[in-house]
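The stops below are meant to be selected one after another.

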Amino acid sequence: MNILKTSFAGLELENPIIIASSSRTNSAENNLAFQMDGAGAIVLKSLFEENITLQESSLSDSSDQFGEGYDYMRNYIRSHNVEDYINLIKKSKELCKIPIIASINCYSYGEWIDFAKTIEEAGADALELNIMGIRSSLQYKYGEFEQEHVRIVSEVRKNIKIPIIVKLGANLTNPAALTDALYGAGANGVVMFNRMYQNDIDVNKMEYTTGHVLSTESDLATPLRWVGIASALNKKIDIALSGGVAKGDDVIKAILAGASAVEVCSAIYKNGNAWIASAINRLYEWEENNNYESISEFKGKLNADSTEGFERLMRIQFLKYFENKK
Ligand SMILES: Cc1cc2nc3c(=O)[nH]c(=O)nc-3n(C[C@H](O)[C@H](O)[C@H](O)COP(=O)(O)O)c2cc1C
């Protein structure tokens, strides 16, 4: 089965299918099942920066009630959140042989950065930073959010030695340039892209509702484009594609575009763990049919390095596409 091996962000994987962070990866027993069902690696459910700060701010509303006990309560809540997470890492590492990637969901530079060291000490094989946010202030200076990404990675890198993976949002001006800057700051891999919480509006009730939680195949187009561009421009940093991987063929597309691996979530929610084996079988079959003996032989074959790839990935093709649509 060597033909499925890949490396991502310094981690050696038996195959390129990484189970993306979600509630499904919040239990060591589930993670063992993912391994037994063929996963190449697992990203644990994120420890949310927001979780910690929210719990603290709701507590600060009651600081009068707790009086001198406030600081104690605050530290208690924080240490218990972190303690649960550390136990998840330790237990997943005990049960699983495949790489276990811890995850912190953050949106700003802050004291949560100290947690990175604790996560490394708990035995995580790598740390994924899911840096998501919306900057909507009219005083916003372009590029500030991107600079925040770089600052976060530089600071975390000072604290830990394990690989750092940055999971990007799709709302960035130039993910390729940012990927390059993150590599300079010490990141070993990036994930393109995270899925934002989706809003919808109920026109009858005239109120907001939650949009589609799970992705569909049509979500694949955006990450496919940026993986194709970024993988051609910086060959030193590894990229995992996430978003809209619905079938085994989508894993092949991701690798052809230049990804070293995929992070899959919705397909598992929709089809169960059996999806992993079906995707692996398809990848195996496709490689054999096309006489490839390893993933590295076709990784990036259709990225922006090729003339066709470059033209296809650039905007001008949109014009032709719309002109031809009668
Ligand atoms: C129910 C659910 C929970 C998720 N929780 C997290 C999370 O805690 N941390 C994170 O980085 N991403 C989280 N994600 C995003 C996924 O890891 C993944 O990047 C995204 O859904 C795109 O992949 P997909 O198209 O295969 O679903 C979650 C997604 C879903 C649907």
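Select Ser294 and Ser296 to begin: their side chains are joined by a polar contact of 3.0 Å. A polar contact is a pair of N or O atoms within 3.5 Å; within protein, one must be able to donate a hydrogen and the other to accept it, and residues adjacent in sequence count only if both atoms are side-chain atoms. Ser294 belongs to the loop between helix 11 and helix 12. Helices (H or I, at least four residues) and strands (E, at least two) are DSSP runs, numbered from the N terminus. Because its relative accessible area is 18%, Ser294 is buried; buried means under 20% relative accessible area, exposed over 50%, and partly exposed in between (1.4 Å probe, protein chains only).

The model is predicted, with local features requiring pLDDT of at least 70 and side-chain atom pairs counting only at pLDDT 80 or more, while totals for chains, interfaces and linings use all residues. Residues are numbered from 1 along each chain as its sequence is written, and side-chain values use heavy atoms, with hydrogens and water left out.

Now move to Asn291, in the loop between helix 11 (274-289) and helix 12 (307-313). Its phi is positive, about 60°, although Asn291 is not a glycine. Is Asn291 buried or exposed? With 66% relative accessibility, Asn291 counts as exposed.

Met206 is the next selection, in the loop between strand 10 and strand 11 (207-210). This residue, other than glycine, also has a positive phi, near 50°. Met206 counts as exposed because its relative accessibility is 72%.

Continue to the peptide bond between Met192 and Phe193, which is cis, with omega about 0°. Phe193 lies in the loop that runs between strand 9 (189-192) and strand 10 (199-202).

Then select Asn159, a residue of helix 6 (residues 144-159). Asn159 is partly exposed, with a relative accessible area of 26%.

For a second pair, display Glu217 and Ala267, which are 50 residues apart in sequence and 9.6 Å apart in space, C-alpha to C-alpha. Glu217 is in the loop between strand 11 and helix 8 (221-233), and its relative accessible area of 34% makes it partly exposed.

Finally, turn to the ligand. Which residues come nearest to the ligand? Of the 20 residues around it, these are Ser21, Ser46, Asn130, Ser215 and Ser266; a residue is near a molecule if one of its heavy atoms lies within 4 Å of it. By class, this shell holds seven nonpolar, ten polar and three charged residues. Here Ala, Val, Leu, Ile, Met, Phe, Trp, Tyr, Cys and Pro count as nonpolar, Asp, Glu, Lys and Arg as charged, and the others, Gly among them, as polar.

A polar side-chain atom of Ser242 lies 3.1 Å from a ligand oxygen. Taken alone, the ligand exposes 600 Å², of which the protein buries 90%; accessible areas come from the Shrake-Rupley method with a 1.4 Å probe.
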